[in-house]
Amino acid sequence: MSKYNFYYDESEHSRRINYKTVSASNYYDNFVTMIVGWSAEKDDILQRHAAFETKYADRKNHNGEIKSTMFQQKQFKNGFASLNKQNARFINDFLSLFDEDIHIYFSVGSKIEYLVLQVFRGYRNSFLVDADLMKYSITKALVVYRPQEIIKCLYKSSESFLEELKKFFRDRIECNKTNPGLKQAETTSFQEILLVLDEISDVPELDWDYHMPFDGFNKYLQEKDIQNYLLIIDKEGEAEEESKTLKSAREMGLDNSDEADSTEHPGLRMADMMAGIISKLLKGVCNSLRYQSFDESTNKKILDAGWFCLSEVQLELYKKLYRLICEWQPAWYKSYSGIYSDDLVIFNALLNFMNHFESVEQIRADIDMQGEYFNAFACEQLTRYFEQRRCKLPFEPVIPFDEESFFNKRGGKVYFDSRKQLLLPLHEGSQTFDVLSVGVDKKFIPTVTILKDGESECFRLPNELSEWACSVVGMAAMGINLFPTQVTFSNIDGKYYADIL
């Protein structure tokens, strides 16, 4: 079994979230982490990287490293279109270091979302309240509109936070009346939020949590079936802060983790550069689409035409990054985020949008409309994501067991062709089973996974129980999961019934 070496670094990290942090002019809401890795047997990447750093030796800092801090955010004001020839060539050479054998995993986590989750931690999904969507909507409102009074209350006057939050949503609802066609969905969401805010009583102590990116990477390793690995985390800052990152990695099951200095590991410098490039693109898009005033917020915001004034080299940068992020080493958990992940969705939309152009001439032929076209494309992706958030059923990658079957989350063997699934033996009368999960396939054929003799087994249910199976799946989609529990199945005069105990 091959051993893999992975390297972790981060960008836009706030070691501690406080009012000074979030009110700073250069504050960006998302915390970006990057992990790159490859088989220990693959040493050509290190040779290529050494040649790259020799070529650009004049860009090394006082520690003898080439780090992403060499770029200023203004150089990404319009994405890659803002890069001068020298920086475009540098990024092109850097991206050329990667090939299809190199693993890339990254996470994009909202700092404001983490605060919102703490404030609303007592809320759970129910028939009446979709708590996940409520938290998403509140986070998005605070990220997009940046109401300073509310953010200030989170740190300086938590007892006033709820009243300020209610006032903000009431003001937004009133302001949205000037453009109801564009803002109707937002207004409806804010009205629903106001109905439940009265139940919140206190605001907890707030701080950053490091676990989310490592949770995603652990899932990535499992998906790729990589068991023999070493994760090296960039060692920065004070010892206490460093150990918190390492501790979080180990607490998420990444036992083979350690810290090291980036001067000694080129992989850490590669992770830093990739994290920096992605975070600056994310920040550039965010800054371009952010409302600059309260009055402006009732109008549509689109990317300036400057984003699409690309040279062939700059367009190729998008295509190269597209291959790295969207094509090579495909995986469900290649990117990871929380409830609020609009910036990540828009970033992926940008890569896909730019990649579909064959040349810059194709872009320039209708350059004044490219912002509108991208807006429509990005909104479609955001709508799809928002609809997915409505469904509480977990979206998990289907990892085949063989050509005919795969294992579901409960460990039951499921056939792609449900007709091959054994029928649950239901004799005349009633039988009680320990049910782990219930599902339906695309043809609405019901299945059940039960615990039998200490092992999970999946069976097909009689078609007469399809409506019952759909109803419990529908409840799970709303966040109400009834399983595992015991279920009594009855066969009475050829008719089938199911009773959850």
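Guide: Gladly! Let us begin with Thr447, which is buried, its relative accessible area being 16%.

Visitor: Why is Thr447 called buried?

Guide: Buried means under 20% relative accessible area, exposed over 50% and partly exposed in between, with a 1.4 Å probe and protein chains only. Thr447 has 16%, so Thr447 counts as buried. This residue lies in strand S10 (residues 446–452), strands being DSSP runs (E, at least two residues) and helices DSSP runs too (H or I, at least four), numbered from the N terminus. Among the residues Thr447 touches are Val438, Val440, Phe459 and Leu461; contact means heavy atoms within 4.5 Å.

Visitor: Before we go on, what kind of model is this?

Guide: This is a predicted model, where local features need pLDDT of at least 70, side-chain atom pairs count only at pLDDT 80 or more, and totals for chains, interfaces and linings use all residues. Residues are numbered from 1 along each chain as its sequence is written, and side-chain values use heavy atoms, leaving out hydrogens and water.

Visitor: Gln329 and Asp493 sit in loops; which is buried and which is exposed?

Guide: Gln329, in the loop between H12 and strand S6 (335–337), has 17% relative accessibility and therefore counts as buried. Asp493, in the loop between S12 and S13, reaches 70%, so Asp493 counts as exposed. Phi is positive in Gln329, near 45°, and in Asp493, about 55°, although neither is a glycine.

Visitor: What makes helix H3 roughly parallel to helix H12?

Guide: H3 (residues 85–95) and H12 (residues 312–327) pack at an angle of about 25°, with axes 10 Å apart. Axes are lines fitted to C-alpha atoms, for helices over the stretch in contact, and angles run from 0 to 180 degrees between N-to-C directions. Angles under 35 degrees count as roughly parallel, over 145 as roughly antiparallel, 65 to 115 as roughly perpendicular and the rest as oblique. So H3 is roughly parallel to H12. The contact includes Ile91 and Leu95 of H3, and Leu317 and Leu321 of H12.

Visitor: How do you know that strands S12 and S13 pair?

Guide: Two strands pair if DSSP finds at least two bridges between them. S12 (residues 485–492) and S13 have 6 bridges in the antiparallel sense, so they pair.

Terms used: Lists of a residue's contacts leave out its neighbours within four places in sequence.
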